[in-house]
Amino acid sequence: MRTLTFDIETYINYTLFALRDCDTKELTTFEIRGAKNTLSEKKIKKLRKLLTTNKIITYNGIKFDEPITAYALLGKTAKQIFVKVQEIIVDGV
């Protein structure tokens, strides 16, 4: 089991999921480019596997990273993810 740091960046037309191996410093990223695009099935499977088979370190994992990632894994677009992020940050959902 590896230890990975995990972070998410979101914009209305772009979403980034980034994981860095704490030992090797290897960076793995998953991007959604364009407001109407989603993660491919292949990327969904790979991201899910990385998150479930490794120790994950996040800054605000339980209240932000986990729900946003779960939402993205449902095949949501960058715009839909951005709207959900705004609900969490601005509206306190």
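The questions below go from the sheet to the core and then to the aromatic rings.

Reader: What kind of model is this, and how are residues numbered?
Author: Residues are numbered from 1 along each chain as its sequence is written, and side-chain values use heavy atoms, with hydrogens and water left out. The model is predicted: local features need pLDDT of at least 70, side-chain atom pairs count only at pLDDT 80 or more, and totals for chains, interfaces and linings use all residues.

Reader: In what order do the four strands form the open sheet?
Author: Strands here are DSSP runs (E, at least two residues), helices likewise (H or I, at least four), numbered from the N terminus. Two strands pair if DSSP finds at least two bridges between them. E3 and strand E4 (55–57) stand at the edges with a single partner strand each, so one side of each has no neighbour in the sheet. The pairing is mixed, and the order is E3-E2-E1-E4.

Reader: How many bridges join E1 to E2?
Author: A hairpin joins E1 to E2 through two residues. Thr10 has Thr15 in E2 as its bridge partner. The two strands run antiparallel, and the number of bridges between E1 and E2 is eight.

Reader: Which residue in E4 stands opposite Thr5?
Author: E1 and E4 pair in the parallel sense, over three bridges. Opposite Thr5 stands Ile57.

Reader: How many residues has the largest nonpolar core?
Author: A nonpolar core is a set of buried Ala, Val, Leu, Ile, Met, Phe, Trp, Tyr and Cys residues joined through side-chain atoms within 4.5 Å. Phe17, Leu19 and Phe30 are among those with the most contacts inside the largest core, whose residues number 20.

Reader: With which residues is Leu47 in contact, leaving aside its neighbours within four places in sequence?
Author: Contact means heavy atoms within 4.5 Å. Beyond those neighbours within four places, Leu47 is in contact with Phe17, Leu19, Phe30, Leu39, Thr69 and Leu73.

Reader: What is the angle between the planes of Phe6 and Phe17?
Author: Rings of Phe, Tyr and Trp (its six-membered ring) pair if their centres lie within 6.5 Å; planes under 30 degrees apart count as stacked, over 60 as edge-to-face and the rest as tilted. Phe6 lies in strand E1 and Phe17 in strand E2, so the pair ties together parts 11 residues apart in sequence. Phe6 is buried at 6% relative accessible area, and Phe17 is buried at 0%. Their pair is stacked, 6.4 Å centre to centre, and the angle is 10°.

Reader: How far is the charged end of Lys84 from the centre of the ring of Tyr71?
Author: A charge sits over a ring if NZ of Lys or CZ of Arg is within 6 Å of the ring centre and within 35 degrees of the ring normal. The charged end of Lys84 sits over the ring of Tyr71, and the distance from its centre is 5.0 Å.

Conventions: Buried means under 20% relative accessible area, exposed over 50%, partly exposed in between (1.4 Å probe, protein chains only).
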